[in-house]
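Student: I've got a structure open here and I'd like to talk it through with you. Can we take it a question at a time?

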Amino acid sequence: MITISKRKFKQYFESKMYSLYAQPINEASNEQHLNVLASVLKDLIAKKWVDTKIDTEKEVYYFSIEFLLGRQLKSNLLNLGVENSIREGLKELGINLDDLIQSEVDPALGNGGLGRLAACFLDSMASVGMSGHGYGIRYKYGLFKQKFVNGCQVEVPDNWLTQGNYLWEVVRPNKAILVKFEGDVYLEEHDGNLKVIHKNYIPVMAMPYDIPIIGYRNNSVNTLRLWKSEIPRRDFGQTTANAKNYSGSYEEALNYKYYTEEISQVLYPNDSNYAGRLLRLKQEYFFVSAGIQDIYRKYKKHKLNIHELHKKVAIHINDTHPALCVPELMRILLDIEGLSWDEAWNITINTISYTNHTIMAEAMEKWPVEMMKKLLPRIYMIVEEINKRYLSYLNSKYSDQNKIRRMSIINNGNINMANLCIASSYSVNGVAKLHTTLLEKEVLKDFYDDTPYKFNNKTNGIAHRRWLMSANPELSGLITNLIGEEWKTDTFKLKELENYKNDNHVLDRLDEIKYNNKVLLSNYIMDKYDIDVDPNSIFDVQVKRLHAYKRQLLNLINIMTLYHKILDNPDMDIEPRTFIFGAKAAPGYYLAKCIIKVINSVADLINNDPRVRGKLKVVFIENYGVSLAELIIPAANVSEQISTTTKEASGTSNMKFMMNGAITMATLDGANVEIHELIGKENMFLFGLTAEEVLNYNKNGGYSSIDLYHTDLGLKQVVDDLINGFIPNLGKEGREVYDSLITYNDEYFVLRDAKDYERAQRELSELYKKKYDWNRMSLINIANSGVFSSDRTIKEYGRDIWFRGCEINEEFNKL
Ligand code: CR1
């Protein structure tokens with residue numbers, strides 16, 4: 001927490017304006033105002049933003065290939081507690097703070113849930129006072145910007161660093177690190193000792209860019225360190241004596257420059273999907289190696305005992321993308337520290353913990369041995385050795401060769417990264433109860449049976465400061481008026497809101513606040529798309545990545561069914577609804593792109609049909625991301641969480657919606673299970689196959705979608721609409737979607753669940769007519785959402801994983 005008076009701030013701002021831009025405030029652009037403000041804030045926190053505490057307490061390093069931060073100004077002001085004085089000060093200088101907040105770029109260095117979770121965790125680690133830092137990549141281009149052209153997704157590069165630098169970053173050239181790719185590795189004898197020599201490697205410089213992560217009203221300022229890849233600068237301190245010689249031709253020099261810079265050029269736009277490309281493997285090793293070397297350097301600087309590394313440092317790998325932390329740490333301990341294998345292994349396995357984020361087969365990373373051998377020769381040797389020892393451990397314990405093959409790290413010419421992570425870490429966690437159970441009982445059963453003590457659940461969470469306090473100030477204000485301030489640091493206190501569940505005055509206020517948020521969103525939709533949506537209609541929202549298993553298609557089929565019903569029965573009594581979508585598809589994911597086109601075409605059809613005017617609207621908001629989420633989620637009445645049961649590991653938008661008072665329409669999948677445990681089926685709408693039913697179907701080849709199609713004529717009509725010209729401006733995309741349902745037997749049970757979904761939607765509509773019942777349910781949702789603060793999640797990670805005595809089972813240690 002810092003304090004600054006309005007007067008002091010104004011002086012500070014003015015002199016910063018002169019020192020940075022040498023001009024008076026009233027001549028500066030909006031962008032310059034923003035830069036000056038960020039610079040003033042960075043100055044204010046500079047003293048607290050100390051580099052390291054490594055010698056006093058255990059530090060956590062969270063490695064993630066994505067950090068989906070969102071805009072920082074508003075949340076930094078909130079966390080520092082200086083918003084009011086700064087707002088006032090700026091006003092007197094003729095500057096509107098909200099304009100500055102809105103004009104900040106939104107760094108999209110992530111795809112979806114995984115990257116946003118990492119950002120929420122950073123916020124929570126700082127806010128609970130934990131010394132926890134992030135390591136990632138400073139991509140020059142973040143996730144593409146989405147535009148719709150004739151209803152189709154078109155990807156536009158996200159050139160977020162338009163000014164060359166990011167507002168909040170500080171570059172630290174003195175802390176650059178050398179990362180080595182390719183080359184030859186062999187052993188040489190030195191004074192009777194064997195030494196690993198790496199020659200002819202390609203040196204790449206990792207340049208650290210630090211972003212401060214400010215805790216909520218405390219003294220913590222942690223660091224997110226993002227690495228940019230560069231050609232080593234001339235004054236680069238580290239030796240490249242054994243490096244490949246690039247003194248050759250101009251062309252060679254250019255190629256080398258390209259090789260180095262390409263690594264941090266662009267974020268892969270796949271969500272829960274394995275890219276499998278050489279450049280991706282380079283990215284993974286690049287940021288992992290830079291981070292591990294950075295930790296090691298700090299550790300040595302403090303002259304700490306290397307044998308106790310695991311007592312001072314916790315390294316967490318967010319999904320398998322940073323899995324190379326394992327062999328990289330081993331490399332340092334073996335080749336640089338000169339420890340024995342057993343010593344090095346003991347430290348490594350007690351330092352590294354791993355989170356699995358998905359059971360989708362297509363997301364499981366497997367790198368070809370040949371690729372890794374060539375790109376990372378020394379790392380590959382270490383992986384091979386780990387595998388050799390792991391196999392001998394497995395062979396000593398089991399005779400079932402199939403099981404051993406399944407558990408092997410290297411198999412069929414591929415390195416299975418999840419297996420590497422599990423074998424080499426002391427903790428493996430899933431991200432919601434059902435997901436962890438599925439890992440233990442199905443997907444990772446062999447490993448769970450082998451080392452059950454490694455497995456644990458950590459249900460995801462969200463930064464309530466951003467998703468409630470900052471995104472929904474009116475609701476936050478009401479909550480504070482009712483129950484005081486304490487919920488801001490202890491969200492379990494939200495439970496006290498239940499005392500007001502029969503207070504009609506409070507329920508009216510809740511209704512009013514939701515309405516106001518809906519007006520804000522309606523205005524945005526009007527400005528952007530010239531579509532007039534009625535804030536009195538039910539705002540029914542599905543925002544997340546586009547993926548077949550998330551079943552935007554199920555939502556659409558229900559919309560089409562409703563549409564037909566109204567056409568058939570124009571006097572039908574229906575609650576007006578606005579269906580809102582937001583979703584990016586991976587550029588190479590053809591079916592997902594077809595679904596976007598179909599939704600857009602249906603939206604056009606419905607929005608232009610006077611027969612359903614005032615009853616139905618469909619809006620697909622382009623370019624969904626963190627900033628739009630902050631506008632959309634507080635305005636939602638209904639939260640669509642309708643994935644095929646077993647497929648969504650957790651979901652986190654479900655939590656954000658709940659905290660903002662939306663009612664969840666859900667399958668019992670991911671963290672919807674926990675929502676259900678908290679509030680019961682009477683406070684949400686449930687439908688669909690159970691996990692058991694889905695698993696049974698999957699074991700027996702699915703159900704027959706074509707039989708269902710022929711027996712349910714309502715469904716048949718809607719499915720046929722995809723190919724019979726009923727939806728204008730739809731061609732091959734409709735056929736593709738049709739085929740996924742009928743020809744390819746509906747892998748995600750869309751048609752199978754459609755009827756039950758329709759039933760649940762009907763019930764929801766009925767409830768909405770009873771205003772107080774609806775708002776009571778909304779209040780109960782908010783009151784029970786406290787457990788989903790990522791502060792809770794982070795404390796659990798700390799208590800059960802990072803700070804627990806993590807001396808792992810003896811037997812395993814000997815690997
Ligand atoms: C899951 O699909 C989960 C997030 C964060 C995603 C989603 O259900 O909420 O992770 N998984 O845990 C993912 O991106 C690579 O896997």
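This is a predicted model: local features need pLDDT of at least 70, side-chain atom pairs count only at pLDDT 80 or more; totals for chains, interfaces and linings use all residues.

Student: What radius of gyration does the chain have, and what would a compact globule have?

Tutor: The C-alpha trace spans about 95 × 75 × 55 Å along its principal axes. For 815 residues, a compact globule would come out near 28 Å, and that agrees with the chain's own radius of gyration, which is 27 Å.

Student: How much of the chain counts as buried?

Tutor: Take the contacts first: among those between residues at least 6 apart in sequence, 77% join residues at least 24 apart. As for burial, out of the 815 residues the share that counts as buried is 49%.

Student: Is helix H3 enclosed or open, and which of its residues are buried?

Tutor: H3 runs over residues 73–80, and seven of its eight residues are buried, so the helix is largely enclosed by the rest of the structure. The cover over those buried residues includes helix H2 (30–45), helix H4 (83–92), H5, strand E9 (202–214) and helix H18 (464–470). Just after H3, Gly81 takes a positive phi of about 75°. The buried residues themselves are Leu73, Lys74, Ser75, Asn76, Leu77, Asn79 and Leu80.

Student: H5 is part of that cover. Is Ser103 buried, partly exposed or exposed?

Tutor: Ser103 lies in H5, which covers residues 97–103. Leaving out residues up to four places away in sequence, Ser103 touches Asn30 and Leu34. Its C-alpha atom is separated by 9.4 Å from that of Arg71, 32 residues away along the chain. The cut-off for buried is 20 or more other C-beta atoms within 10 Å, and for exposed 12 or fewer; Ser103 has 14, so it is partly exposed.

Student: Which strand pairs with E10 in the antiparallel sense?

Tutor: E10 (residues 221–230) is mostly covered, with eight of its 10 residues buried. Strand E2 (residues 132–137) runs parallel to E10, joined by four bridges, and Gly134 stands opposite Leu224 there. The antiparallel pairing takes 10 bridges, and the partner is E9.

Student: How many residues lie between E9 and E10 in their hairpin?

Tutor: Along the pairing, Pro212 stands opposite Thr223 in E10. In the turn of the hairpin, Arg217 has a positive phi of about 50°. The number of residues between the two strands is six.

Student: Last one: which residues come nearest to the ligand?

Tutor: The shell around the ligand divides into five nonpolar, nine polar and three charged residues. Of the 17 residues in that shell, the ones that come nearest are Gly113, Leu114, His357, Thr358 and Ser650.

Key: Residues are numbered from 1 along each chain as its sequence is written. A residue is near a molecule or strand if its C-beta atom, placed from the backbone, lies within 6 Å of it. Ala, Val, Leu, Ile, Met, Phe, Trp, Tyr, Cys and Pro count as nonpolar, Asp, Glu, Lys and Arg as charged, and the others, Gly among them, as polar. The radius of gyration is taken over C-alpha atoms; the globule rule is 2.2 Å times the number of residues to the power 0.38. Two residues are in contact if their C-beta atoms, placed from the backbone, lie within 7 Å. Two strands pair if DSSP finds at least two bridges between them.
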